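User: I would like to see how the words used for a structure follow from its values. Please take me through some cases.

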Amino acid sequence: MSERLKNWLSPSLTFVALLLVWQGVTTSGSVPDYLIPPPSRVGAAMWTVYTTGTILPHLAATATEMILGFTAGSIAALIAACIVAEFREVERCVYPFIVALQSVPKVALAPLLIVWFGFGIASKVVLVGLICFFPVFVNAMTGLQAARPELVDLYRAFSATRWRIFWDVKLPSAAGAIFAGLQVGLVLALLGAVVGEFVAAQEGLGSLIQASSLNFDVPVMFVCIVTLAALGATASAIVRALHRRIVFWEGPRAASATTTKQNGHA
Amino acid sequence: MSSTVAGASSQPGVASAPPRLVVKDLGVTYAGSRGQVQALDDLNLTIGEGEFVAVLGPSGCGKSTLLKIVSGLLAPSSGEVTLNGKVVRGPQSEVGIVFQQPTLLPWKTVLDNVLVPIRVLGKSPAHYHDKAMGLLELTGLTDFASHYPNELSGGMQQRVGIARGLINDPQLLLMDEPFSALDAMTRERMAAELQTIWLEARKAVLFITHSIQEAVLLADRIIVLSDRPGHVVEVLDVDLERPRLSDVVTSPRFTELYAHLRAFFRVDGKLR
């Protein structure tokens, strides 16, 4: 059997085995099925919500909040990191505050943001943006400052402008770290969107989970969780693919090492 | 100390052409964490047109500081550096630099890496394409022009660095322990290759090293620096014929020069 087939088949078999155990335990009656529904009922619920389309506006709302917030937060973080890393004086003035703000649990701001920006999508986008900002900012700044001094010296020896050194040396040097930050930010973006919806929302997978909880509709809660997982995994795969394509000179091994190392900033 | 060392200390044979580089009474002091640190003290040296000069010294004697001053990245505390008759007062593009590590841009191909100085100087890379390819041929990298640095061995990457150092036809090539990151065998081969490249290009070279063998094999003149603060304790002309092939290492004259330099280090007890 080829390695590739094995790599694909092994996790699939594990998944099927887990489903069988789950089905067996729940149908044996040892756990009440209103607490943990068997996978067959979750599957049926999934079929219903997707074919009737009742889940789609919720999925669209959560995805929109996540994408808009992630994009805005990441762009703001990149611009801020470039300015702070490039100008020593700016770093001296603002860095202590950024470190202090970083330790504030951003989800604690959710109720305040609802007061400021309303029940709609805006409050969630702001929350997601705030949550994404810090991992991207810290990673980008570390990466920008980690450019090899010899490379900078080489450019300086030829009287290169500051802008040129930034564009030619520092930014590409930081690309790997920036993507590691985006990867962390993306996971947090989904978290932020759901927490924001828990607090107050008209639409979204988070609000659907909460509504189903009140109705004791456990299968739909499972469906929402599976949908969220799929949403997160898809977004993560897209960013990973971009990472591999854009930062092609760093091997996949090097990239994953950075991601793990930088996770502490989350 | 240095003044008591007897031996073949000699003044450089002054060539008829004006010197490329003159370093006069150079001193460098900088503020360290524990007060003032003197890195270089009263250092003098001259490099003539097409001359290969090696600066030999123990680690931390300020060799790299010397290189930064000559390339204009660092200002001296006292004394001055004159390149081509002009006092160096800031970065200037008439030097080529080869660093300890290959220091290539991993996101650019070998060819584009060689062309980096051209692009930074605002000249047209297309105009220099043939020259770059010629340098890649000289360094034996023709087949790797469109490869990326991480597809090359350490020795090959360092050769790209040498080609990059030569691309803008520098008046002076500065080499900062360029082979110290390589393994012993690659290192020996690279020294032989550098000699070939130098015999072809005939540039004035300031070669910083802590390897006695490398210095004797490559240099027309060896300048020995003392421990920090670095100052010249010996100037030695190397009268071995060129090209110096690998068997020169076993010749009596090579052994003599090597022993002289080595004994010299032992006197001060500071061999790297």
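This is a predicted model: local features need pLDDT of at least 70, side-chain atom pairs count only at pLDDT 80 or more; totals for chains, interfaces and linings use all residues.

User: Why is A:Thr227 called buried?

Analyst: The relative accessible area of A:Thr227 is 6%. Buried means under 20%, so A:Thr227 is buried. This residue lies in helix H10 of chain A, which covers residues 218–246.

User: What makes the pair A:Thr227 and A:Tyr50 a polar contact?

Analyst: Their side chains are 3.1 Å apart in that contact, and the cut-off is a pair of N or O atoms within 3.5 Å. A:Tyr50 is also one of the residues that A:Thr227 touches, along with A:Ile55, A:Leu59 and A:Leu205, when residues up to four places away in sequence are not counted.

User: How do you know that B:Lys68 and A:Asp153 form a salt bridge?

Analyst: The closest N and O atoms of B:Lys68 and A:Asp153 are 3.2 Å apart. A salt bridge needs a side-chain nitrogen of Lys or Arg within 4 Å of a carboxyl oxygen of Asp or Glu, so the pair qualifies. The count between chain B and chain A is one salt bridge, and four residue pairs are in polar contact.

User: Which residues make up the side of chain B that touches chain A, by type?

Analyst: That side divides into 14 nonpolar, six polar and three charged residues. Helix H3 of chain B gives the largest share, four residues.

User: What area is buried between the two chains?

Analyst: About 2000 Å² is buried between chain B and chain A, with carbon and sulfur atoms giving 68%. B:Leu73, B:Trp107 and B:Val120 supply 33% of the area that chain B buries against chain A, more than any other three residues.

Note on methods. Residues are numbered from 1 along each chain as its sequence is written. Chains are lettered from A and ligands numbered from 1 in the order in which they are written. Side-chain values use heavy atoms; hydrogens and water are left out. Helices (H or I, at least four residues) and strands (E, at least two) are DSSP runs, numbered from the N terminus. Buried means under 20% relative accessible area, exposed over 50%, partly exposed in between (1.4 Å probe, protein chains only). A polar contact is a pair of N or O atoms within 3.5 Å; within protein, one must be able to donate a hydrogen and the other to accept it, and residues adjacent in sequence count only if both atoms are side-chain atoms. Contact means heavy atoms within 4.5 Å. Buried area is the accessible area (1.4 Å probe) that two parts lose on being put together, summed over both. Ala, Val, Leu, Ile, Met, Phe, Trp, Tyr, Cys and Pro count as nonpolar, Asp, Glu, Lys and Arg as charged, and the others, Gly among them, as polar.
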